[in-house]
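Dear colleague,

Please find below the structure that I am handing over to you. My notes on it follow directly after.

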Amino acid sequence: MAFFKRDNPNMDIAKIIAYNISALMETNPSLDTLIKVSKAANVGFGTVRRAKNGDGNITVGNLEMIASAFRKTARDLLVEPMESYPAAGPIQAAPVAEPPRDERELLQGYRDASEEVQEIMLELARKATKKKDFEWRSEKND
């Protein structure tokens, strides 16, 4: 059930948005009602209803807020059809490994320390990282 503008030249952007919102609601159980989308997007129920029904003109700001509820951008809702995108499943938190005990103790010690001691600890950490081939954790994933 794909809608293509070249196959349906009378289809306007409001219908594309409506189709995409409906498709996202069908694939996201946590956002499968207008009320749930309205609350998640922080926009009025009537705004979501009009967008889903293809009625009226939605503002770019409201479109962006609705899209963000689905972890999409407004641009994603303007593209037809969304069927070519992987189905958005329920959002699951990634497991986080507990840091080793010594790292937890070090962090707690830093948090409990005075500003002067925190500066000393930071300076020592900076010196230590310059002596080794240190790679920031955020760079390991890139």
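**The second largest pocket**

The second largest pocket has a lining of 14 residues, and D55, G56, N57, I58 and T59 are those nearest its centre. A pocket here is an open set of points on a 1 Å grid over the protein atoms alone, where a 1.4 Å probe fits and protein lies on both sides within 12 Å along at least five of seven lines; lining residues have an atom within 4 Å of a point. The space in this pocket is about 200 Å³, a volume being the space filled by probe spheres set on the points, which are joined across faces, edges and corners. At least two lining residues come from each of helix 1 and helix 3. By class, the lining of the second largest pocket holds 6 nonpolar, 6 polar and 2 charged residues (Ala, Val, Leu, Ile, Met, Phe, Trp, Tyr, Cys and Pro count as nonpolar, Asp, Glu, Lys and Arg as charged, and the others, Gly among them, as polar).

**Basis of the model**

This is a predicted model, in which local features need pLDDT of at least 70 and side-chain atom pairs count only at pLDDT 80 or more, while totals for chains, interfaces and linings use all residues. Residues are numbered from 1 along each chain as its sequence is written, and side-chain values use heavy atoms, with hydrogens and water left out.

**Fold and core**

The protein has 8 helices and 0 strands (DSSP runs numbered from the N terminus: H or I of at least four residues for helices, E of at least two for strands). Of its 142 residues, 25% are buried, where buried means under 20% relative accessible area, exposed over 50% and partly exposed in between, with a 1.4 Å probe and protein chains only.

The largest nonpolar core has 18 residues, among which I21, M25, V37, V48, I66, F70 and L77 touch the most other members. Such a core is a set of buried Ala, Val, Leu, Ile, Met, Phe, Trp, Tyr and Cys residues joined through side-chain atoms within 4.5 Å. Two or more of the core residues come from each of helix 1 (13-27), helix 2 (34-41), helix 3 (45-53), helix 4 (60-69) and helix 5 (74-78).

**Two loop residues**

N42, in the loop between helix 2 and helix 3, has a positive phi of about 60 degrees although it is not a glycine. N42 counts as exposed, at 64% relative accessibility. R71, in the loop between helix 4 and helix 5, is also not a glycine and has a positive phi near 60 degrees. R71 counts as exposed, at 64% relative accessibility.

With kind regards
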